[in-house]
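This report is written for a reader meeting the structure for the first time. Please look over the sequence and the model shown below before reading on.

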Amino acid sequence: MCNANGDQPIRLKRRPIAQSIENLDQLLSLEQGRMSRDVFWDKDIYEQEMERIFARCWLFVAHESQIPKAGDYVSTYMGEDNVLIVRQKDGSIKGFLNTCPHRGNKVCFADLGNARQFVCNYHGWAFGIDGGLKGMHASETYEAAGMDKSEHGLHPVAHVDSYRGLIFATLDPDAPSLADYLGDMRYYLDAVFDMDEGGTEFIGGCVKSVIQCNWKYASENFVGDILHAGWTHDSGAKAMVGGPVAEVHKTPEQSYHVNFNGHGWEFNQDIVGNCATLGEKELLKYLYVLQPKVAERLGELRSKMIGAISSCTLFPNTSFLPGQNTFRTWHPRGPGQIELHTWTFVNKKAPQEIKDMWRKGTMMTFSPSGVFEMDDGENWEYSTRSNAGFVTRQQDLYLGLGHDTRVEDTDLPGNVYQGQINEANQRAFYQRWLDLMKADSWKTVPQRDVPKMKEGV
Amino acid sequence: MNAKTTLPEIPVDAETQRRVEQFLFREARLLDNERWDDWLALMAEDIHYWMPTMENRRRADKNGTYAIDRGALYNDNLRDLTRRVTRFKQPTAWAEDPATRHAHVVSGIEVYQGGQAGEFIVHSTFVNYRSRVEKDNDLLVGRREDVLRADGDGFRLARRKIIITQSVLMAKNLNTFL
Amino acid sequence: MSQPILLLRKADLEAGKVRKVDVNGCALAVYNLDGTFYATQDGCTHATASLSEGEIVDDECIACPVHDGTFHIPTGQPMSFPCEHAIRTYKVIEDGEDVLVDLDQESDAAADAI
């Protein structure tokens, strides 16, 4: 855990919250399994999302393994805000807006690297890795003007924290703790990011692409939509395993939807179902050998999730696939575009040849050239673009699967639903979206979900 | 991967140059016409077909723009390429139906002696334009470094490195070979 | 030659490190390059910056902590943008465990370079 930005002077100004769009409630009729298409198209809704979701929520910004040494940094996005995530000399992590406080130019043009300082190309303002303004070209002119350097450092993000190697940041000083924000979803995250005592790492760099779709189509797909796989990904499955996608809709007793605070995970208990689509027997063997050890540490249920047919979205825009080991963030770029950043994650203690197989496997399946992802982008693009039609976008959409599948009598954390062919997580995702969109501040966001896990586990 | 760049650039005779150019032009036509199996038949058994992703790093960063153990859109052997072709041929390859229209433009072909007898190092530039349905138009421009191996009257492709200019792929997918 | 002034004890500055030492109101950066000691002015000639807060790079250069320009420590010569003007060097005298400086003389390497 690290919260290095906590002791910084507040240098992140925020305007008072803008007036909300009226009648947001009318966009969603989740009990009836209906929703408006406006949420995918309307520019004012998008602007409100920037303020009330992306400038408010905890967003994934980096994996600890990407920045092991002091001065290591990655450049990434929180919504459309470009930020630098930087490892400090004391081992903590800080985040800053990637913009010079002088005339606004971007201070770092590299995607990643190691820096002793960030120097703006425009007027030579130089910032330490702690964000402090250290000096400027022609510094004596500023000294003559009486400028106080301590007031002009890089703008720090409000908070940085991490969970099981995943670093998150928020631009809202009043955000709840990361532990509260993730809540009971942490229980399930451990199945993948605490699979063995070595933890995980990102390997192989980042693959970036642009999809002309609304960010929520991607997030809602990973939050709970295994249903599409059997149809959309038939060609990919035939290519990789020589047969169709498993018919998980026929065995709902083996699978679940779980969600908490808008995060959602749909999963089977087949241990290796996702992993099998990479077509590498050695990877299956690796997971089967690991599974009993995971069962000892985390229990039987979570041990069966380690590479199972499953997908997860952490609200709002970060997703991953256990077994296929792709980790991704869908950065919004207006209501009709996203920039997709994807990484490969592996267990740190896995043998090198196993890591290499996963690195190759994620590229082969879930990259823009991947045989599965290939068909996702087009679906999301045209689900978005069809709403250009003035009358078209006045027609509702359906998300009613799995009403009455709630499992009440369970010790499992989160809201639990029977059967992974379900739209319970999608409904929970949009409920959280609506709660945040309606709330003027974190204080007025309703806490619908009752945590079973303790704070700060 | 870059061993060939350390070799002296010994040009080949005009006839070999012409035959290599014909090979690459024909390959481009096979891809334009979605003749996937005929295209696969041009690959050597030990093909390494590699298209790394580009990282923006400072010039002083010794890690460089791309590397074999980092991101890639293709890092394929023959089995991998065959799997991709298998997908293209499925009736459920939705992003190929209606068909994508391809234009593979190849130019700037330089042919040099390879490190082994019967091998040739071939540099070329390419423009790839894809159009789908009404107005999905995607443009990729880049450079390739190939190793071609003499095979009977023709050649097989033994190595290909594809370097594109984009670091963020400005497209939803890459449903072609380059 | 003026009276050499004690800068520090050798054991006080490990190899590969730089430290600021004030001598008669004059701020010096003192370096230990693999067991050999050097002294230069501490202020960067480009912008307001204390070189002793920088890092030693490429074995014998000091990188300014502000704009990352570099100077060659033994001669004081500017090595990279934005540094254009040499920093003053001082003659260092090693006497047993003591490191002393002569504020009236250039370093040997700087003197040789002229």
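This is a predicted model: local features need pLDDT of at least 70, side-chain atom pairs count only at pLDDT 80 or more; totals for chains, interfaces and linings use all residues.

## Backbone features in loops

Two residues other than glycine have a positive phi and can be described side by side. For Asn325(A) phi is near 60°, and this residue lies in the loop between S17 and strand S18 (326-332) of chain A; because 29 other C-beta atoms lie within 10 Å, Asn325(A) is buried. For Asp34(C) phi is near 55°, and this residue is found in the loop between strand S3 (26-33) and strand S4 (36-41) of chain C; with 8 other C-beta atoms within 10 Å, Asp34(C) is exposed.

The domain assignment of chain A gives domain 1 (58-171) and domain 2 (185-444). Taken over C-alpha atoms, the centres of domain 1 and domain 2 of chain A are separated by 31 Å, and 11 residues of domain 1 are in contact with 15 residues of domain 2.

The largest nonpolar core holds 189 residues, and those that touch the most other members are Leu59(A), Val61(A), Val83(A), Ile85(A), Phe168(A), Leu148(B) and Ala39(C). This core draws at least three residues from each of domain 1 and domain 2 of chain A. Once the neighbours within four places in sequence are left aside, Leu59(A) is in contact with Phe54(A), Met78(A), Phe168(A), Ala169(A) and Thr170(A).

## Helix packing in chain A

Helix H5 (residues 215-224) and helix H13 (residues 424-438) of chain A pack with their axes 8 Å apart and at an angle of about 135°, which means that H5(A) is oblique to H13(A). The crossing of this pair, H5(A) and H13(A), is right-handed. On the H5(A) side the residues involved are Ser219(A), Glu220(A), Val223(A) and Gly224(A), and they meet Ala424(A), Asn425(A), Gln426(A) and Phe429(A) in H13(A).

Helix H9 (residues 281-298) of chain A and H11(A) have axes that come within 10 Å and cross at roughly 120°, so H9(A) is oblique to H11(A). H9(A) passes H11(A) in a left-handed crossing, and the contact is made by Glu282(A), Leu283(A) and Tyr286(A) of H9(A) together with Ile354(A), Met357(A) and Trp358(A) of H11(A).

## Contacts between chains

Of the 2 pairs of chains in contact, chains A and B share the most contacts, with 35 residues of chain A in contact with 32 residues of chain B. On the side of chain A that touches chain B, at least two residues each are supplied by strand S7 (112-114), strand S13 (200-211), helix H7 (234-241), helix H11 (352-365) and helix H12 (373-385), and S13(A) gives the most, with 8 residues. Between chain B and chain C, by contrast, there is no contact, and their closest C-alpha atoms lie 12 Å apart.

Val210(A) has its place in strand S13 of chain A. Apart from its neighbours within four places in sequence, Val210(A) is in contact with Gln337(A), Glu339(A), Val168(B), Leu169(B), Met170(B) and Ala171(B). The C-alpha atoms of Val210(A) and Glu339(A) are separated by 4.6 Å, although these residues are 129 residues apart along the chain. Val210(A) counts as partly exposed because 19 other C-beta atoms lie within 10 Å.

## The segment after H13

Pro451(A) is found in the segment after H13 of chain A, and with 19 C-beta neighbours inside 10 Å it counts as partly exposed. Leaving aside neighbours within four places in sequence, Pro451(A) is in contact with Gly183(A) and Asp184(A). The C-alpha atoms of Pro451(A) and His63(A), which are 388 residues apart along the chain, are separated by 26 Å.

Key. Residues are numbered from 1 along each chain as its sequence is written. Chains are lettered from A and ligands numbered from 1 in the order in which they are written. A nonpolar core is a set of buried Ala, Val, Leu, Ile, Met, Phe, Trp, Tyr and Cys residues joined through C-beta atoms within 7 Å. A residue is buried if 20 or more other C-beta atoms lie within 10 Å of its own, exposed if 12 or fewer, and partly exposed in between; C-beta atoms are placed from the backbone. Domain bounds come from an automatic or database domain assignment. Two residues are in contact if their C-beta atoms, placed from the backbone, lie within 7 Å. Axes are lines fitted to C-alpha atoms, for helices over the stretch in contact, and angles run from 0 to 180 degrees between N-to-C directions. Helices (H or I, at least four residues) and strands (E, at least two) are DSSP runs, numbered from the N terminus. Angles under 35 degrees count as roughly parallel, over 145 as roughly antiparallel, 65 to 115 as roughly perpendicular and the rest as oblique. A crossing is left-handed if the near helix is turned anticlockwise from the far one by less than a right angle, and right-handed if clockwise.
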